[in-house]
Amino acid sequence: MITSVRGFKDIYGKEAKIWKKLENIIREVFSTWGFEEVRLPILEKTELFQRSIGDTTDIVEKEMYTFIDKGNESVTMRPEGTASVIRFINEHKLYTLEKNLKLYYLGPMFRYERPQKGRLRQFHQAGVEFLGDLTPYAEFEVLSLMDCLLEKVGIKDRILYINNLGCPDCRKTYRNSLLKYLENNQDLCEDCNRRKITNPLRILDCKQEKCKEIIKSAPKILDFICVDCKKHMTKLKELLTLNNISYEIDPFIVRGLDYYIKTVFEVHAKGLGSQSAILAGGRYDNLSKDLGGYDLPAVGWAMGLERVVLLLDETFVEDDSLDFFFIYFDDRGEKIILPLINNLRKKGVKVSYDPSKSSLKSKLRKADKLKSKYVVILGDNEINNGTFTLKNMEKGEQFALPLDKLENLEKEI
Ligand SMILES: [Zn+2]
Ligand SMILES: [Zn+2]
């Protein structure tokens, strides 16, 4: 038997209903906030991610699904959405100075990681990008959107962590001080020893226990940021407080991507164990320029849908029971019932029926299994009397009604 690929999952049944409702809420809230959808391709040129996410990041070094296609081009299944959004804006020349761009995407991403709870190799993200605004109001916009969305989804136990990574100017000073601190440290993991030369800030993000221990007493970026970066952060904190969005400062958030500057943030939810980050993002003013495009300041975040789904149970989705189940036994019944069913479905009423020759008892059992609220019975007796039987399954009561009431059956309940 052929099974699915490791880290790739089928979603069906109750879980699929949860996904559908979650995606509906996401789309609704995004569009209320003025974000427009962009449907991006799954496959991009490998170079896009090498140059945006960064050559020395874990994603690019270890986790990408990269292959040479039949035209001998190196292509990659997107590991995230932001790089594609920037590529898209520049390719279609969509930016004008007069107007901010507010875009969102929703769909599968791919990373070759060790599969575990809440982490798959094909996973799904919903993300927003707010482009064209250098001020902290851009961060505020996407963070208050986040707050509204998670509230609507019902993720109450959550914390927003914020950090400021500084601009390229102040980061240089920090980088030197961090290297000085690490200079005399022989205990870093192999990766981090390499990172000292390639990308020291990555060390702050290392998952190895011994590195984490060393990092704990390392100099903090927040002590090194310049006046402008400090002002930026103070204003953002003010805006969040003014709008009752609670947050905590966490100097250890660096995010696994190279393109962030100034603000970075993560939202963690209780009840997910060690993989508790459900949403993360930050500011990436230089990404577009670095990719040869517009000088386009930007802030964005992405939410991991698998982890959000882990926090939801079936009470999240409405009961999907039937409104009516129809029972009949012969051609006379069928001629009345089938056109009626068609009409009801067109009106959005949920109905089903059983055209088989089985008994009343077994058809009632089927109606019960499908959790139908009402059953309509049209047997010989009923047709001869010009009536039908309407049975309320919950109460167990039933009435005989004249056949012409079938016309507007949904009004009888
Ligand atoms: Zn700065
Ligand atoms: Zn390390």
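1. In S13, Phe325 has Ser352 as its bridge partner. The two strands concerned, S12 (residues 324-328) and S13 (residues 351-353), run parallel and are joined by 3 bridges. For the bookkeeping, helices (H or I, at least four residues) and strands (E, at least two) are DSSP runs numbered from the N terminus, and two strands pair if DSSP finds at least two bridges between them.

2. A word on provenance before going on. This is a predicted model, where local features need pLDDT of at least 70, side-chain atom pairs count only at pLDDT 80 or more, and totals for chains, interfaces and linings use all residues. Residues are numbered from 1 along each chain as its sequence is written, while chains are lettered from A and ligands numbered from 1 in the order in which they are written.

3. Back to S12: 5 of its 5 residues are buried. Buried here is 20 or more other C-beta atoms within 10 Å of a residue's own, exposed is 12 or fewer, and partly exposed is in between, with C-beta atoms placed from the backbone. Phe324, Phe326 and Tyr328 cover one side of S12, Phe325 and Ile327 the other.

4. Now the overall picture. There are 14 helices and 16 strands in the protein. The radius of gyration is 28 Å, well over the 22 Å that the globule rule gives for 413 residues, so the protein is more spread out than a compact globule. That radius is taken over C-alpha atoms, and the rule is 2.2 Å times the number of residues to the power 0.38. The C-alpha trace spans about 95 × 55 × 45 Å along its principal axes, and buried residues make up 33% of the 413 residues.

5. On domains, the assignment gives domain 1 (13-167 + 225-315) and domain 2 (324-412); such bounds come from an automatic or database domain assignment. The centres of the two, taken over C-alpha atoms, are 50 Å apart.

6. Of the 10 residues of H4, 7 are buried, so the helix is largely enclosed by the rest of the structure. Those buried residues are Thr82, Ala83, Ser84, Val85, Ile86, Arg87 and Ile89. They pack against S2 (43-45), H2 (46-52), S5, S6, H10 (287-290) and S11. After H4 comes Lys93, with a positive phi near 50 degrees.

7. Next, the cores. A nonpolar core is a set of buried Ala, Val, Leu, Ile, Met, Phe, Trp, Tyr and Cys residues joined through C-beta atoms within 7 Å. The largest has 69 residues, and Tyr104, Val128, Val142, Met146, Trp301 and Met303 have the most contacts inside it. Helix H5 (residues 136-153) gives the most to this core, with 8 residues. A second, separate core of 18 residues includes Tyr328, Tyr353, Val375 and Ile377.

8. Tyr104 deserves a look of its own. Leaving aside neighbours within four places in sequence, Tyr104 is in contact (C-beta atoms, placed from the backbone, within 7 Å) with Phe30, Phe35, Glu37, Ala126, Gly127 and Val128.

9. Finally, two backbone spots to check. Asn72 is not a glycine, yet has a positive phi of about 70 degrees. Asn72 sits in the hairpin of S3 and S4, with 5 residues between the strands, and is exposed, with 6 other C-beta atoms within 10 Å. S3 (residues 65-68) and S4 (residues 74-77) run antiparallel with 4 bridges, and Ile68 stands opposite Ser74. Lys371, also not a glycine, has a positive phi of about 55 degrees. Lys371 lies in the loop between H13 (360-369) and S14 (374-378) and is partly exposed, with 13 other C-beta atoms within 10 Å.

Terms used:
Two residues are in contact if their C-beta atoms, placed from the backbone, lie within 7 Å.
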